[in-house]
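Subject: Handing over the structure

Hi,

Here is the structure I promised to pass on. Have a look at it first, and my notes follow below.

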Amino acid sequence: RMRTAIIEGHFAPGERLVERPLCDQLGVSRTVIRETIRYLEAEGLVDILPNRGPIVAKLNWDQARQIYDIRRQLEGAAAAHCAENHRPTFPRHLKKALSDLSARMNDPEWIGVMNATTRFYQVIFEEAGHTIAWDIVQRLNGRISRLRVLTLSAPDRTNPGISHMTAISDAILSRDATAANMAVQAHIADASSIARRFLSDEKEAGSDNA
């Protein structure tokens, strides 16, 4: 629940995570809160500051850029390899994952969209046999999800996220590795441009208020 609250922005970046109020809100002990905070710290969602304690980790453009660079390489390679090598039974699984994602796009809670998006990519990585790459993506998933909430909610996005996913799916199912890689690159380029603008604006706003 804390992870979801951070991803969806209910806890603002830089906000202190105070044990007692969290215990009262979640109905758990301090031990559970401390274990959860350690887990979220390992995932990059929480920072522990000297003399201040745990806060919601801030996400800047340099960090986001690195995450998008990793995604370009890992997701592009997985999509291309999946296009070249998927089994006859695979299209059914990918179509279901895409259908589930499409059905979630209008959910009032972002976490449903995040889970469905993660599942869509998981199907591709597993079929490609890129299990180590998927482990790496999973370690970044909390921060990836925070970026997705920023970019999916942008009103001026060039293409809706589901259109990119559909393009990736179509290219894979057509066994066109080049098109699959290009569809991933287009998707990430669109998302990263929005994230860069948003995070740069946020940085400038913070400087103005300093």
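To get started, which residues is Val-137 in contact with, leaving aside its neighbours within four places in sequence? They are Leu-74, Phe-125 and Ile-144. Before you read on, please keep in mind that this is a predicted model.

Val-137 itself is found in helix 7, which covers residues 131–139. With 7% relative accessibility, Val-137 counts as buried. If you want a sense of distance from there, take His-10: it is 127 residues apart from Val-137 along the chain, and 24 Å separates their C-alpha atoms.

Now for the helix packing. Two packed helices are described by the angle between their axes and the distance between the axes. I looked at helix 6 (residues 110–128) with two partners, helix 9 and helix 5.

Start with helix 9 (residues 161–173): its axis and that of helix 6 come within 12 Å and cross at roughly 20°. An angle under 35 degrees counts as roughly parallel, and helix 6 and helix 9 are therefore roughly parallel to each other. Their crossing is left-handed. On the helix 6 side, the residues that meet helix 9 are Thr-117, Phe-120, Tyr-121 and Ile-124. On the helix 9 side they are Met-165, Ile-168, Ser-169 and Ile-172. Sorted by class, this contact has 6 nonpolar and 2 polar residues, and no charged ones.

And helix 5 (residues 90–104)? Here the axes of helix 5 and helix 6 are 8 Å apart, and the packing angle is about 165°. That makes helix 5 roughly antiparallel to helix 6. The crossing of helix 5 and helix 6 is left-handed. Helix 5 brings Phe-90, His-93, Leu-94, Ala-97, Leu-98, Asp-100, Leu-101 and Arg-104 to this contact. Helix 6 meets them with Gly-112, Val-113, Ala-116, Thr-117, Phe-120, Val-123, Ile-124 and Glu-127. The residues of this contact divide into 10 nonpolar, 3 polar and 3 charged.

Ser-169 is found in helix 9, and at 2% relative accessibility it counts as buried. What does Ser-169 touch, not counting residues up to four places away in sequence? The answer is Leu-94, Leu-98 and Phe-120.

Ser-145 is buried, with a relative accessible area of 2%. Not counting residues up to four places away in sequence, Ser-145 touches Ile-7 and Met-114.

Most residues other than glycine have a negative phi. Asn-51 is not a glycine, yet it has a positive phi of about 65°. You will find Asn-51 in the loop between strand 1 (46–49) and strand 2 (53–56). Is Asn-51 buried or exposed? With a relative accessible area of 86%, Asn-51 is exposed. Arg-175 also has a positive phi, of about 60°, although it is not a glycine. Arg-175 lies in the loop between helix 9 and helix 10 (177–209), and at 42% relative accessibility it counts as partly exposed.

Enjoy looking around!

Best wishes

Conventions: Residues numbered from 1 in each chain as written. Predicted model: local features only at pLDDT ≥ 70, side-chain atom pairs only at ≥ 80, totals over all residues. Heavy atoms only, no water. Axes fitted to C-alpha atoms, helices over the stretch in contact; angles between N-to-C directions. Helix = DSSP H or I, 4+ residues; strand = E, 2+ residues; numbered from the N terminus. Parallel < 35°, antiparallel > 145°, perpendicular 65-115°, else oblique. Left-handed = near helix turned anticlockwise from the far one by under 90°. Contact = heavy atoms within 4.5 Å. Nonpolar A, V, L, I, M, F, W, Y, C, P; charged D, E, K, R; others polar. Buried < 20%, exposed > 50% of the residue type's maximum accessible area, 1.4 Å probe, protein only.
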